[in-house]
Amino acid sequence: TIFLDEVGEMPLTMQAKLLRVLQEGEIIRVGETRPRPVDVRVISATNRSLEAQVEAGQMRADLYYRLSAFPISLPPLRERREDIPVLTSQFVKEAARRHDREIAGVDEMVLEILSQADWPGNARQLRNEIERAVALARPGELIDERHLSPRLRSIARRGQAAESALPSPSAGNG
């Protein structure tokens, strides 16, 4: 199985080579002259509309039809905020294992902040943010706002400013 990430960015010359591999089931290694048979399953990903790229002449139609046998559409993270706590938990476990560090968990306020962010880099960006937080946290510590990047801490400050601007629940009762 090979995973082609950002296949929509692939130049047309490379698309032709990939198509040949998929159609013929063989490759020619660099420095060799004879083809070798390959048996591969291809999984590809892109954040672009490949159909639009075919229409614009930026994607070979034959390669598009070869790759689009079983398309799966995954909305961006900002459209599935309910996934953020689950992803965060998994990313914390992975980063803690990599850093050989025990982490007590993630503060609820941090989960709220993470859920408010736009995540233009999707799950990769969230993973990097969690990696940073785990690296900054002391062993046994709860990940809190101090461990977040300045960009995410600014989201927290904006939220706190908005809350303080609201009238208190007891205002006007009397």
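Colleague: At what distance from the ring centre does Arg151 lie over the face of Trp119?
Modeller: This is a predicted model, in which local features need pLDDT of at least 70 and side-chain atom pairs count only at pLDDT 80 or more, while totals for chains, interfaces and linings use all residues. Residues are numbered from 1 along each chain as its sequence is written, and side-chain values use heavy atoms, with hydrogens and water left out. A charge counts as sitting over a ring if NZ of Lys or CZ of Arg is within 6 Å of the ring centre and within 35 degrees of the ring normal. For Arg151 over the face of Trp119, the distance from the ring centre is 5.7 Å.

Colleague: What kind of pair do the rings of Tyr64 and Tyr65 form?
Modeller: Rings of Phe, Tyr and Trp (its six-membered ring) pair if their centres lie within 6.5 Å, and planes under 30 degrees apart count as stacked, over 60 as edge-to-face and the rest as tilted. By this rule there is one aromatic pair. The centres of the Tyr64 and Tyr65 rings are 5.1 Å apart and their planes are at 65 degrees, so the pair is edge-to-face.

Colleague: Is Tyr65 buried or exposed?
Modeller: Buried means under 20% relative accessible area, exposed over 50%, and partly exposed in between, with a 1.4 Å probe and protein chains only. Tyr64, at 13%, is buried. The relative accessible area of Tyr65 is 57%, so Tyr65 is exposed.

Colleague: Which side chain does that of Glu141 join in a polar contact of 3.2 Å?
Modeller: Glu141 is placed in the loop between helix 6 (122-136) and strand 6 (142-143), and with a relative accessible area of 16% Glu141 is buried. A polar contact is a pair of N or O atoms within 3.5 Å; within protein, one must be able to donate a hydrogen and the other to accept it, and residues adjacent in sequence count only if both atoms are side-chain atoms. The Glu141 side chain reaches the backbone nitrogen of Arg138 at 2.7 Å. At 3.2 Å, the side chain joined to that of Glu141 belongs to His147.

Definitions and conventions. Helix = DSSP H or I, 4+ residues; strand = E, 2+ residues; numbered from the N terminus.
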